[in-house]
Amino acid sequence: MNTNETIGSILKRRSVRVYKPDQVDLDALELILEAGRYAPSAMNQQPWHFTVIRNRALLDKLDASCKTVFLESDVDALREVARRDDFSVFYHAPILIVVTGDPNALAPQYDCALAMQNMMLAAASMDIGSCWMHSVMMLHATEKGRIVFRELGIVFPEGYNPYSAAVFGYSAAPLPEPEPRKSDSVTIID
């Protein structure tokens, strides 16, 4: 199939789960963030704010708190993976981006997810890996978790909630092959 650069980036993007410790170039990070700011949003409200965490010590503390959420989860698979000594929720990535949004906007959860998808695709186009991090929202959804964020000094705009998060960095391993796609997931009505 003949594709253009955009389609190529979409098809090559994978969830990266092993990262080099190297920090992403600031110019590349700015392009990733710009791609997020250009995402569509309901009624063009752009109800988002982007929080970028690059501090290794802070990422490690937040990672440990997210791991605790996994251990206390009702989901067997999360508890099982979190029990591994070598498990890192953030896979030791050098950057975490959290997209928070105004809950009073028309569709903040979707708007923030679209912004994150734009950033993940922009990163893929520059050979920068990424992986969605739902654990951030899981942690923030608990009172204990919101206290953790405050104690770590991770402050979001007043009244905003985290709706999407992902880690970014250079992959330390070849990208995996894509999993097969479901063949019965499309209906075309003419």
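The model is predicted: local features need pLDDT of at least 70 and side-chain atom pairs pLDDT 80 or more, whereas totals for chains, interfaces and linings use all residues. Residues are numbered from 1 along each chain as its sequence is written, and side-chain values use heavy atoms, without hydrogens and water.

Strand β2 spans residues 95-101 (strands are DSSP E runs of at least two residues, helices H or I runs of at least four, numbered from the N terminus). Seven of its seven residues are buried, so β2 is largely enclosed by the rest of the structure. Strand β1 (residues 48-53) runs antiparallel to β2, joined by six bridges (pairing requires at least two DSSP bridges). Thr 51 has Val 98 as its bridge partner in β2. Seven bridges pair β2 with β4 (residues 161-169), also antiparallel. There, Leu 96 partners Val 167.

Nine salt bridges occur in the whole structure (a Lys or Arg side-chain nitrogen within 4 Å of an Asp or Glu carboxyl oxygen). Glu 34 and Arg 37 meet at 2.6 Å, N to O. Both lie in helix α2 (residues 26-37), three residues apart. Arg 56 and Asp 60 meet at 3.1 Å. They sit four residues apart in helix α3 (residues 56-71).

Terms used
Buried < 20%, exposed > 50% of the residue type's maximum accessible area, 1.4 Å probe, protein only.
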